[in-house]
Amino acid sequence: MIGALIDFDTFVIAYLIVFLIYAFVKLIKNRKMGRSKIIKLILKNFIFVGYFVCLAGITLAPISIPPEQSSVELKSLIVLDPLKMFDYPYVSIAIRNIAGNVLMMVPLIPLYGIWKGHKTITMKQTFVFAFCVSLSIEFLQLIENITGLSGVMVRTSDISDIICNIIGAIVGFAIYKVYIKLFNSEK
């Protein structure tokens, strides 16, 4: 049976096509709103939704269609020990994993705040939002492995990923707070 892999590029190309259609329809339906307001709205949506598409592409791709037979035991896919990340044969892999998980979530809160129209975001909201996004990623990766959608690539659902993601979102929260102070001081 011939299958296909949905990779990161496929995520991005599909997003661009769908978003161009969305932008075209939005421009036509809201002509009376004012061109600059519509373009600003479309740009905010493009960047915010695009971030999530890239996040999905990075964390979930490639997706194997049809699914391949999964031979991995469920217990080996879930890691609840945060220190387990240092069991890699090379320290550089652990450092790259930590840095990647932190950095990929830094844009989350600033983009969310800008998308919401520069609304105030609390540390509690940051924590809950980042936790929910990160837990969703880990859950989807687990589902991918159980169903065989991850193909030959096996991903673990790891508590250290969630911790690093939340740290990245908190860094993004600090950046957003500085941005808001600068943005409000210019007004």
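**Note on a predicted single-chain model**

1. Overall architecture. The chain contains six helices and four strands; helices (H or I, at least four residues) and strands (E, at least two) are DSSP runs, numbered from the N terminus. Read from the N terminus on, the elements follow the order β-α-α-β-β-α-α-α-β-α. Residues are numbered from 1 along each chain as its sequence is written, and side-chain values use heavy atoms, with hydrogens and water left out. The model is predicted, and local features therefore need pLDDT of at least 70, side-chain atom pairs count only at pLDDT 80 or more, and totals for chains, interfaces and linings use all residues.

2. Confidence. The mean pLDDT of the chain is 84, where pLDDT is the predictor's confidence in each residue, from 0 to 100. A value of 70 or more is reached by 84% of the residues. Confidence is lowest in strand E3 (residues 78-79), with a mean of 64, and highest in helix H4 (residues 108-115), at 93.

3. Of the 187 residues in the chain, 34% are buried; buried means under 20% relative accessible area, exposed over 50%, and partly exposed in between (1.4 Å probe, protein chains only). Among contacts with a separation of 6 or more, 81% come from residues 24 or more positions apart, a contact being heavy atoms within 4.5 Å. The chain exposes about 12,000 Å², of which carbon and sulfur atoms supply 72%. Accessible areas come from the Shrake-Rupley method with a 1.4 Å probe; for residues, only the protein chains shown count as cover.

4. Helix H4. In H4, the residues Leu-108, Ile-109, Pro-110, Leu-111 and Gly-113 are buried. After H4 comes Gly-117, with a positive phi near 90°.

5. Aromatic pairs. The structure holds 12 aromatic pairs. Rings of Phe, Tyr and Trp (its six-membered ring) pair if their centres lie within 6.5 Å; planes under 30 degrees apart count as stacked, over 60 as edge-to-face and the rest as tilted. An α-helix has 3.6 residues a turn, so residues three or four places apart point the same way. Phe-127 is partly exposed at 42% relative accessible area, and Phe-131 is also partly exposed, at 34%. Ring pairs also link Phe-48, Tyr-51, Phe-52, Tyr-112, Trp-115 and Phe-129 into a cluster.

6. Ile-13, Ile-17, Ile-21, Phe-24, Val-25 and Ile-28 form a nonpolar patch on the surface, with about 580 Å² of accessible area together. Patches are made of residues with over 30% relative accessible area and no salt bridge, with like charges joined within 9 Å and nonpolar side chains (Val, Leu, Ile, Met, Phe, Trp, Tyr) within 5 Å. A salt bridge is a side-chain nitrogen of Lys or Arg within 4 Å of a carboxyl oxygen of Asp or Glu. Ile-13 belongs to helix H1 (residues 8-29) and counts as exposed, at 51% relative accessibility. Val-12 also lies in helix H1, but Val-12 is partly exposed, at 23%. The C-alpha atoms of Val-12 and Gly-50 are 8.0 Å apart, although 38 residues separate the two along the chain.

7. Thr-59 and the end of H2. Thr-59, in helix H2, is buried, with a relative accessible area of 6%. Beyond its neighbours within four places in sequence, Thr-59 is in contact with Met-104, Ile-137, Gln-141 and Arg-155. The loop between H2 and strand E2 (63-65) contains Pro-62, and the peptide bond from Ala-61 to Pro-62 is cis, with omega near 0°.

8. Gln-125 is in helix H5 and is partly exposed, at 42% relative accessibility. A distance of 9.9 Å separates the C-alpha atoms of Gln-125 and Phe-173, which are 48 residues apart along the chain. Thr-156 sits in the loop between H5 and strand E4 (157-158) and is partly exposed, with a relative accessible area of 31%. The C-alpha atoms of Thr-156 and Gln-141, 15 residues apart along the chain, have 7.3 Å between them.
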